[in-house]
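Trainee: Could you walk me through this one? I have not looked at it before.
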Number of protein chains: 2
Amino acid sequence: MSLIVCKFGGTSVASPERIQKVAARLIAKKQEGHDVVAVVSAMGKTTDELVGLAAALNEKPPAREMDRLLSTGEQVSMALLAMALEAKGYRSMSFTGRQAGITTDKTHLKSKITGIAADRIMKAVNDGIIPVIAGFQGIDENDDITTLGRGGSDTTAVAVAWGLNADVCEIYSDVDGVYSADPRVCPRARKLDFISYDDMLELSSAGSGVLQSRAVEFARKYKVVIHSRSAFSDAEGTYVQEKAEDMEEAVVTGIAHDTSEVKITIRGVPDMSGVAAMVFSHLAGANVSVDMIIQNVAEDGRTDISFTCPKGDMAKAMETIGSIMPEIKARECIFDENIAKVSIVGTGMKSSPGVAARMFSTLGENEINILAISTSPIRISVIVRATEATHAVQCLHTAFDMDSDSVFVETALSAEEIAAKMQKGR
Amino acid sequence: MSLIVCKFGGTSVASPERIQKVAARLIAKKQEGHDVVAVVSAMGKTTDELVGLAAALNEKPPAREMDRLLSTGEQVSMALLAMALEAKGYRSMSFTGRQAGITTDKTHLKSKITGIAADRIMKAVNDGIIPVIAGFQGIDENDDITTLGRGGSDTTAVAVAWGLNADVCEIYSDVDGVYSADPRVCPRARKLDFISYDDMLELSSAGSGVLQSRAVEFARKYKVVIHSRSAFSDAEGTYVQEKAEDMEEAVVTGIAHDTSEVKITIRGVPDMSGVAAMVFSHLAGANVSVDMIIQNVAEDGRTDISFTCPKGDMAKAMETIGSIMPEIKARECIFDENIAKVSIVGTGMKSSPGVAARMFSTLGENEINILAISTSPIRISVIVRATEATHAVQCLHTAFDMDSDSVFVETALSAEEIAAKMQKGR
């Protein structure tokens with residue numbers, strides 16, 4: 001008998017019919033003798049609708065109010081799931097983030113979990129109740145509702161699993177697990193049975209939408225085993241865990257791509273110390289999530305500084321840089337939204353020289369232009385034109401011998417469709 | 001300079017455009033130098049939609065979960081109104097019932113306010129902030145969200161006004177104030193400038209939809225002045241307050257009608273002591289709000305017991321009676337939904353004999369059949385067929401010399417439309 005935390009995303013609870021299915025799945029586990037705790041996201045398009053309402057009233061809605069608004073989405077789905085479980089004769093109770101003991105810092109819309117006091121949930125479990133917890137939300141020291149930002153519900157689930165000392169944290173979504181690349185883009189992608197925290201973290205940070213990097217980071221830190229699996233089948237998915245002795249060590253574990261970022265370039269910055277520090281400390285102060293940073297070689301004592309950040313942070317980033325333009329004496333600041341980041345990830349890379357060379361030459365042979373490069377010990381990322389992302393992923397997948405014999409059935413998506421899919425949900 | 005609590009119902013916050021208008025109204029008051037605190041209901045049809053979702057999952061949703069579900073409606077509107085105020089350059093913060101310090105008992109869906117700790121709201125007011133409070137909700141001693149039932153937001157507003165020692169509690173709705181009868185039913189109804197708590201309470205209890213009786217009761221107990229006025233005009237409405245010396249004392253202040261109740265009759269009950277007590281203590285235990293009780297004269301040692309209750313309580317009531325049928329040895333239990341209660345109300349009644357006689361003879365002359373009668377010192381209610389309610393109100397309004405010279409413009413409604421209007425909202 002295990003204690004299992006099950007997290008269901010917005011698609012899985014999008015309608016009463018789907019909520020019934022989630023309830024049935026939880027009950028099946030309960031009947032197998034397990035204790036279960038559910039964590040839910042908001043129903044389907046709820047968050048988008050709430051964001052739309054806010055936008056109609058305030059171009060820059062105050063973050064505190066936005067959190068209060070958005071947090072209602074999960075409160076609706078949690079109550080509905082609890083009702084569905086009760087209707088099937090199982091005792092259930094829903095809990096807000098606050099009631100589940102999830103405390104966060106005060107950064108509204110992007111809060112970090114600072115603690116979890118799971119006594120009330122544990123008591124419910126011990127009483128035979130199926131607790132249903134609102135994902136994505138917590139409470140700060142002002143007693144105000146906070147939300148955890150993108151991927152917040154995954155993080156809630158992992159935090160709850162840790163707080164309850166659960167055996168596994170199952171994260172249900174509309175994909176079967178973690179693939180060597182997005183199968184909608186690369187039909188020969190393979191499903192992985194296991195992946196290490198390190199590899200998963202790099203893939204998630206690099207834009208693989210299956211699991212959110214913050215959740216994986218939390219899981220790695222506290223050794224919570226994640227099982228990423230499909231909400232629509234009983235097939236086993238992918239276990240994300242500490243690297244096991246017998247885990248197969250490929251040079252490249254997976255390829256991720258990400259079309260959700262924008263590249264911003266500050267042109268004609270005087271090449272003197274302190275400028276970059278000023279730019280990025282101001283961006284950090286404005287809570288812009290800077291990803292890659294590229295500084296070109298100076299010419300005539302002036303240089304260009306480029307960086308990438310989520311498209312959602314673009315307005316804030318441009319405004320921040322605009323405000324310091326006179327001080328940094330830059331010539332202009334431009335942005336490019338039609339880019340994609342393609343990353344290859346693998347712990348095995350550390351002991352295999354020549355991986356970068358193989359990546360660049362593969363892209364070159366396929367006439368894909370590299371706009372920028374960034375690396376970590378177990379990841380190499382390149383920025384390419386958004387229209388070339390699919391081609392880049394496919395040829396790298398082949399070049400690193402990752403192609404499966406079978407072909408994924410869903411037809412490949414256009415760059416726009418991929419971008420749309422990547423923007424969705426929490 | 002006054003401190004004013006302003007409550008806006010669901011119709012007033014039904015869309016972003018209407019929320020803008022509410023914000024403009026609050027700002028106008030602020031600019032006049034007043035301190036303002038807003039209390040809001042859920043947007044338009046939100047509650048109905050949430051009830052629909054719950055019904056799709058559970059025929060009898062657990063009350064605790066229902067409260068968590070319904071309370072999200074006000075959390076959405078409060079955040080949106082705060083955003084609208086901020087967009088216009090005014091500082092605003094929204095507060096849930098819990099954060100506004102509203103504590104209640106544990107009766108989910110129909111909680112009673114047990115206390116209000118308004119310090120946090122008062123602090124916000126003193127800081128120049130416009131607080132926006134979610135109506136209809138509170139928190140019980142289990143730290144669980146509760147809702148106050150029908151009219152809950154009015155009650156929240158009055159409680160907050162009391163907690164803040166506000167000068168007046170303005171309740172905005174889609175009507176101009178309190179009329180001598182519903183002007184949609186009785187086009188010659190007059191708007192009252194003032195009404196005493198006692199008269200208002202009887203009118204509200206008797207079904208006048210303008211103000212909820214619980215709110216009036218609270219206001220009477222704690223001497224909170226209510227100003228019932230239109231959300232769509234600046235005209236003064238009706239002040240509900242302690243009876244002033246110079247208040248005009250009519251014999252009948254107003255006429256109310258109510259089509260939201262059902263009449264349930266238990267037939268063939270043995271005429272012995274204790275039976276009525278058993279019936280009504282069981283109904284009370286099941287939280288059925290019994291209104292009028294009529295026991296007919298016994299015949300052959302058996303009698304009929306009838307009572308009225310809200311249509312929403314009918315299922316519970318029939319179930320409760322069903323469960324004690326064998327014990328009370330009743331023959332059958334039937335219900336009649338096509339009834340209306342028509343009440344005349346007036347503190348002046350106490351000192352004017354013959355009011356009841358005039359009421360009954362007026363109805364008799366108009367061939368309106370009286371199905372049941374109940375009285376209080378300042379109210380006489382009769383049950384008539386629902387189809388005769390409009391006629392009854394009109395002829396009583398004329399008989400008691402209440403007709404105004406002007407005629408209300410909105411066309412009279414059918415009995416069904418009136419019933420629909422009376423069912424709506426909180």
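This is a predicted model: local features need pLDDT of at least 70, side-chain atom pairs count only at pLDDT 80 or more; totals for chains, interfaces and linings use all residues.

Trainee: Which residues of helix α8 of chain A are buried?
Mentor: In helix α8 (residues 275–285) of chain A, the buried residues are A:Val275, A:Val279, A:Phe280 and A:Leu283. Seen down the axis of α8(A), these buried residues fall within an arc of 115 degrees, so they line one face of the helix.

Trainee: And what do they pack against?
Mentor: The buried residues of α8(A) pack against β14 (261–270), β15 (293–295), β16 (302–310) and α9 (314–328) of chain A, while A:Ala277 and A:Gly285, on the other side of α8(A), are exposed.

Trainee: Switching topic, is A:Asp154 buried or exposed?
Mentor: A:Asp154, which sits in helix α5 (residues 152–163) of chain A, counts as buried because its relative accessibility is 3%, under the 20% cut-off. Beyond its neighbours within four places in sequence, A:Asp154 is in contact with residues including A:Lys7, A:Ile171 and A:Gln212.

Trainee: How many residues does the contact between the chains take?
Mentor: The contact takes 41 residues from chain A and 41 residues from chain B, and the area buried between the two chains is about 3,300 Å², with carbon and sulfur atoms giving 61% of that area.

Trainee: How many salt bridges are there between chain B and chain A?
Mentor: The count is 6 salt bridges between chain B and chain A, and the side chains of B:Asp144 and A:Arg120 meet in a salt bridge at 3.1 Å, N to O.

Conventions. Residues are numbered from 1 along each chain as its sequence is written. Chains are lettered from A and ligands numbered from 1 in the order in which they are written. Side-chain values use heavy atoms; hydrogens and water are left out. Helices (H or I, at least four residues) and strands (E, at least two) are DSSP runs, numbered from the N terminus. Buried means under 20% relative accessible area, exposed over 50%, partly exposed in between (1.4 Å probe, protein chains only). Contact means heavy atoms within 4.5 Å. The arc is that of the directions from the helix axis to the C-beta atoms. Buried area is the accessible area (1.4 Å probe) that two parts lose on being put together, summed over both. A salt bridge is a side-chain nitrogen of Lys or Arg within 4 Å of a carboxyl oxygen of Asp or Glu.
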